[in-house]
Amino acid sequence: MTNLIIGLGVVLILVILYLIFRVSSLVGLARTRPVTTEARVDSSNKVNAALFLGFTIVSLVAFFWYSFAYFEDYNLPVASVHGAWTDTLFWITMAVTVAAFSIISVVMALFVFNYQHKEGRKAKFYPDNHYLELAWTIIPAIVLAILIFTGLRAWNDITSPASADAEVIEVIGQQFAWTARYPGNRDNTLGSYNYKLIDAVNEFGLDLSDKNSFDDFKSLELHIPKDKEVLIKIRAKDVLHSMYIPHFRVKMDAVPGMPTQFKFVANKTTEEMRDELNNPTFNYELACAEVCGQAHFSMKMIVVVEEPEAYEKWKQGQEAWLKQNPDYLKKVPAALQDAAMIKAGMQRDPGVAVAGN
Amino acid sequence: MATTDIHVHHGVPHHDDHEHEHEHHEGNFFTTYIFSEDHKVIGKQFLITGIFWALIGGLFSILFRLQLGFPDANLEWLRPLLGGWISDQGKLDPQFYLALVTMHGTIMVFFVLTAGLSGTFANFLIPLQIGARDMASGFMNMLSYWFFFLSSVVMFTSLFLETGPASGGWTIYPPLSALPQAMSGSGLGMTLWLVSMALFIVSTLLGGINYIATIINLRTHGMSFTRLPLTIWAIFFTAIVGLLSFPVLFAAVLLLIFDRSFGTSFYLSDIYIAGEALAHSGGSPVLFQHLFWFLGHPEVYIVILPALGITSEIIATNSRKPIFGYKAMIGSLLFIAILSFVVWAHHMFVTGMNPFLGSIFMLLTLIIAVPSAVKIFNYVTTLWKGNIRFTPGMLFSIGMVSYFLTGGITGIFLGNSAIDIQLHDTYFVVAHFHLVMGSAAFFGMLAGIYHWFPKMFGRMMNAKLGYVHFWITFIGVYMVFFPLHYIGIAGFPRRYYTWTNFDTFSGFFDLNMLVSTAAIITFSAQFIFLFNFFYSMFRGPKASSNPWNSNTLEWTTPRLPQHGNWPGAIPSVYRWPYDYSKPGAKDDFIPQTIPFSETPESNLPHENDLIRLETTGTQGAIVVEKKD
C-alpha cells in the first residue's frame, strides 16, 4: 500500500513537471520574436555567462578553503625515509599544478564572461599565432622536464637493490589474509619454498629439504626495526594482491609465480607515531590494494615498528615453524633431521644430541 | 526525385552518380530503421543503445555509491530489483559490489564512451561533414552495429546470472578472472564477458576500417585534409588508434579464454587455491597486464579524442571564431594518438615490472601532458575576443574543457612513478580518470547530441531544459569527483566494499556521503535530458537547416537529410571550416561551400590566389567562368 502511494506520488510529480514544462514552452512560443529578427541569443546567455564566472569563483574559494582547513584530515602522516621524499615531490607537483590550474580556470571564466554575445559586436578573427603556441609548448615542456628529472631520481633510488645487510622478511598474500615469514634466528636466511608443497598446515609451501627453512618462523603481524633497511620479499599464493602500507608510502603487487620486492626504511616506531598523533590505539596497517575477491576490503595486517633492540628481542621470542609443527619433521631428509631439530630449537643441547646419535 | 539541387551551382554533372541509386533505397520499416545501411540511422542506433547502456552503467554506480556513502543504510527496498544480492541484513552483497564496480567500468568505457560516442558521431558526421553519400561500405557499417548489439545482448544477459556477472574489475586481471574458484563472478559471468568483448572488438574493427576508408576516399571535391573539420580529424585518429590496439585486446582475451577453458598457462603459474595446487606453470599475470594496457591506454584516448574533436567544432562555432591554431590542434591530436601507444605501462609501475621500464614509461607519459596542455591553451584562446553564444552544446563543451583541465592536471602526479607508488589504486586515480576521460568524454558526447540534434531529428531540443541539465550535471560531477582527490590523498584504496576494517581509512564519512548524494542528484538530472531528448524528437520546434549558423558541410543538407544526404549534387568545398567573423565579411560565418570568388570583400591575400584555381578546376561545381 505504501509503495502504491509512493508510486502515485511520483507519477503525480512527473505529471506536474510535464505540465509546467508545457505551459512554459507555450508561453515562450507566444512571446518569441519572429524568427527573422537579428537577435541570435536570448536573455539566458547573460545568465549562463554569469553562472560560469560565479561557479569558478565559488568553487576555487571552496577548494582552497577546504584544502587548508582540513589539511590534517586528508594528509596522511609519513613514517619512512623515501616516503618523506615522495611526499615532497607530491607537494612540489601540487604547487605547480594548482598554480597552473587556478590561472587557467580564472582566465577561462573571465573570457567566458567577458566575451559573451553582444549584439553588433564581431568576434576577432584570430586563427593562429605561432609564437604564442611555441611558448605554451615549450614552457610546459620545461616544467615537466624538471618534474620528470626529480621523479626519476627518487624512483631510481627507491627501486635500487637493497643493501646486503638489509633485514629480509617475506610477506605472502592469499585470499584473504597476509602472513609474514622471517628468516629465523639461526641462519638469518629464508628457506626455499615450492607452491606444490602447500597444504593446510604448511601454508608457506616450505621446502624442508632446504636447511635454511628449519628456523624460519611465521608471524601474523609484520614487525620491523626502526631506522634499518627492510627488504620485503612479496609473493602471492592464489591471485594478485598488492602490499600497501599507506604510512610508509609502500605499495607493490604480490604476483603468483613472480616474486616481487620492496625495500624501505621506517623511521618512526609505532609508539612514536602514537605520541605524535595523540592516539594511544594507533597502529600501522598493511592493506591489499589490488582487487582479489569478495573480502578484498578485509585483508589487513598490523605492522609494528620497534626500536632495533626491541625488535631483536621480539624475534628471539618467536618459535620456528617446524617446532610448532613437529609432524613435518618426517619430511626432512634423514641426514638433516638432527640439524633441523637443532635449528628449529627443538633440542636444547645440540653438541650432546649430535654426539649421542 | 532529387530535382531540387540546393547547391548554388546547378547543372554540374559530377557527383551525381549516386543519384539514381538512392531513389531505389526507399525500403520498408525493417530496412529503414532496423537493418539499415544508412549511416545516419546507424549513428542513431548507436546513440540509442549507448543511452540505454549509460543508464544502466549510471544506475550501477548509484548502487555502489549507496553502499559507500551510507554504509549503515538498510537496502531492503532494493530487493525487488536485486533479489538475493541483498543480504538478510539488508546489505549489499560484497561480491555483487565488485560486480557492480566491474560492470560500471566495462559498460561506461566500452559500451557508452567507445561505441556510444565514436559509433554515434563517427557514423553520423563523417559522410555529412566530408561530403559523401554514405560510408565506404554501408553493409560493413550495418554489421558493425549488429555485432555491437549482439555483444550488448551477451553482456546484458550476464547481468542476470545466478553467479553474477564478471566481477574482477573492468581490467579483468588474471588469475582472479581466470579461476572460478577465486570468485563466483569468474565463472559463467566472466565467460560471457569475454565473448561479449570479442564481439565488441569485431564491431569496433568493422566500424574503424569503414571510418578510415571513408575519410580517405570519399571526401567531396575541394575537401582536402587541411579543410576537414576537427571532428573528422579526431575521429580519423581515433579509428586508427582503435584499429591498431583492439586486436591486442582480442589476443589478450583469447589467451585468457584458453587459460580458462583449455588448461593453457599463458597467465597462470604457481597457484594454490581452494586447497589445491594447480598444474599451471610458467605463465605470467603481468603479461596479461601488458597486453591489456596496450589496448587499455589507447582506449582512453579512443574515448577522449572524439570528445576533443566535437568540442573544438562546437566551441569555434559558438564563439563565432576560428578555432585557434587549427594545425596545432591537429598536430596535438596526432601527437597524443602516437604517444598513446607508448605509455601503457604507467598503469603498472608497482606490478613488479622492471623498474627501469618504469623510468622509460614515466618519461613518455609526462610528455603527453605537452600536447594536452596545448589543446587547453588553444581552447581558451578560441574563447578570447569571441562573441559567445551559450547554446546547451556550447555549455557542455566548455564544461568538457574544464574537466579535461582539472582531471588532466592530476595525471602529472600519477605519471610520476615515484609519486604513483602511494597514489596507485587509491581514490586519487578514481578522481583523475573519471574527470579527464569519463566526465570529459561524457560532456563531449552530450555537447554533440545537443549540437547535432537538429540535423539528426530535424527538431530543436528545448534550450532551457538543456541549461538546467547542464548546470546540475556540471556542478554535480564536480561534487562527485573533486572530493575523491582528498580521499585519495588520504590513501583510501579503490574497490573497497567498506573501509571500516582499517583505522587508517576510517574518516571521511561526511565526504563520502556528499559524494553519494551528489551522484544521485546528478544521475537524476539525466532524466531531464532524456525527457528533452525524446520529447523534442517528436514535439520539438522544427529546426532550420542551419540553426547554429555553422560553416561545416552537414548544415548544407536539408532539414531532414534523406538517404544520400544531398538531393542533387554533393556540394564542393572551397575553404576551411572555420571562417567565422572574418573581417570584411557580410555575416559572421562563411560556409565551406562558398567559393572565394564570391567573397572578395573578406579574402586574405593568399585566398585571392586560390580563386584562379577555383576557376580553372577541371572537376566539380565551378561556374565562375563558363567555358563552353
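## Domains of chain A

Chain A is divided into domain 1 (44-116 + 132-160) and domain 2 (167-346), with bounds that come from an automatic or database domain assignment. The model is predicted: local features need pLDDT of at least 70, side-chain atom pairs count only at pLDDT 80 or more, and totals for chains, interfaces and linings use all residues. Residues are numbered from 1 along each chain as its sequence is written, and chains are lettered from A and ligands numbered from 1 in the order in which they are written.

Taken over C-alpha atoms, the centres of domain 1 and domain 2 of chain A are 40 Å apart. Nine residues of domain 1 of chain A are in contact with 13 residues of domain 2 of chain A (C-beta atoms, placed from the backbone, within 7 Å).

## Strand β4 of chain A

In strand β4 (residues 222-225) of chain A, Leu222(A) and Ile224(A) on one side and His223(A) and Pro225(A) on the other are all buried. Buried denotes 20 or more other C-beta atoms within 10 Å of the residue's own, with C-beta atoms placed from the backbone. Strands are DSSP runs of E, at least two residues, and helices are runs of H or I, at least four, numbered from the N terminus.

Four bridges join β4(A) to strand β10 (residues 301-306) of chain A in the parallel sense; pairing requires at least two DSSP bridges. Within β10(A), Val305(A) is the bridge partner of Ile224(A).

## Chain B

Chain B contains 19 helices and two strands. Of its 628 residues, 62% are buried. Its C-alpha atoms fill a box of roughly 90 × 50 × 50 Å along the principal axes.

Note on methods. Buried ≥ 20, exposed ≤ 12 C-beta atoms within 10 Å, placed from the backbone. Contact = placed C-beta atoms within 7 Å.
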